[in-house]
Amino acid sequence: MDYNYFHAQKANRHKRVRGRTVLVIGCNTGGDCRYFVDLGAKEVHGVDVVDGIGRDFPHPTVTYHQESAEAMSLPSGYFDLVYSVATMEHVPDIFRAFSEMARVVKPGGVVYSLAAPLWNSRHGHHYPQYFVNYPWAHLRLSRDEAVRYLEENSVAIAEANGTIQDVVAYMLDARNFNMRPSTDYIAATARLPDLKVKVNMLDREPRGAIPPEVLDELAAKGYDEADLRAITHCFIAKKRKPWRLFWVELSNAAVARSPLARQP
Ligand SMILES: C[S@@+](CC[C@H](N)C(=O)[O-])C[C@H]1O[C@@H](n2cnc3c(N)ncnc32)[C@H](O)[C@@H]1O
């Protein structure tokens, strides 16, 4: 199954979106928005900084906003589901972006965020296909060394990725990745106001997965072993309803259940 579709389905199990409002952060050309339209959302919004935002999925149910996840123009407490996949590792200030997600989600709504591969992980450069035999290449090679490695190993670059120089320039450009350690993701999501955390975890490669000589090289540069193994950050949280709203809902439910309410 398609990775993004899998996560849209999973998010939909945490918060049914049929008839509800959804915000997709890092919507790019619109692919993820399509899933939520198909799942029956009544209103979908997509946020991304990219030019050509929503280009592949214009739809009357979807509104696109070309702006950063760190400072959204969207109203507070509006969305039933705030969803983000494969995006937060690109957003410069994840503390602000997660706070924004917590702000715009509705009481009773859910934030679903999956960031991967994290920068300090084996493929944090996002080009696993070109560095199969050179793990953590982005933390170990300079720009010139990376170019030389790809040239000497006659690595074939897909047309869409341009030249070897383009690939290396992209993967080492701080504008493309936040380059934050995995611990920042846990810290940024640990104490968001009014959110009840269901999942806040890092998926790691097993202990011993880092070849000893690579670990020694990266430890000498100050990298932490557990951080180097952290590939994915998954965060799922529900916004608490204020007590006042809770009591109103409870009493409405009680009234609806009472025999008087059933009288013609
Ligand atoms: C790897 S793409 C993922 C797109 C889509 N979520 C997917 O999984 O196919 C990362 C996206 O994050 C967007 N992005 C980067 N920085 C951003 C920011 N500060 N605010 C919102 N989106 C951002 C990029 O423009 C890009 O569309």
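I started at the ligand and found a backbone N or O atom of Gly 26 at 2.7 Å from one of the ligand's nitrogen atoms. I noted that the model is a predicted one.

I then looked up side chains that face a ligand nitrogen atom. Ser 68 has a polar side-chain atom 3.0 Å from a nitrogen atom of the ligand. For Asp 32, I read 3.2 Å between a polar side-chain atom and a nitrogen atom of the ligand. I count each of these as a polar contact, because the cut-off for a pair of N or O atoms is 3.5 Å.

How much of the ligand does the protein bury? I wrote down 590 Å² as the area that the ligand exposes when taken alone, and the protein buries 79% of that area.

Where does the ligand sit? I found the ligand in the largest pocket.

Next I went through the residues around the ligand. There are 16 of them, and Gly 26 is among those that come nearest, together with Asn 4, Asn 28, Asp 48 and Val 85. Sorted by class, the shell holds seven nonpolar residues, six polar ones and three charged ones.

Last, I looked up how the protein chain is divided. Domain 1 is made of two stretches, 3-124 and 177-262, while domain 2 covers 126-176. I noted 29 Å between the C-alpha centres of domain 1 and domain 2.

How many residues of each domain are in contact with the other? I listed 21 residues of domain 1 in contact with 14 residues of domain 2.

Technical notes:
Residues are numbered from 1 along each chain as its sequence is written. This is a predicted model: local features need pLDDT of at least 70, side-chain atom pairs count only at pLDDT 80 or more; totals for chains, interfaces and linings use all residues. Side-chain values use heavy atoms; hydrogens and water are left out. A residue is near a molecule or strand if one of its heavy atoms lies within 4 Å of it. A polar contact is a pair of N or O atoms within 3.5 Å; within protein, one must be able to donate a hydrogen and the other to accept it, and residues adjacent in sequence count only if both atoms are side-chain atoms. Accessible areas come from the Shrake-Rupley method with a 1.4 Å probe; for residues, only the protein chains shown count as cover. On a 1 Å grid over the protein atoms alone, a cavity is a set of points where a 1.4 Å probe fits but cannot get out, and a pocket is an open set with protein on both sides within 12 Å along at least five of seven lines; lining residues have an atom within 4 Å of a point. A molecule sits in a cavity or pocket if more than half of its atoms lie within 2 Å of its grid points. Ala, Val, Leu, Ile, Met, Phe, Trp, Tyr, Cys and Pro count as nonpolar, Asp, Glu, Lys and Arg as charged, and the others, Gly among them, as polar. Domain bounds come from an automatic or database domain assignment. Contact means heavy atoms within 4.5 Å.
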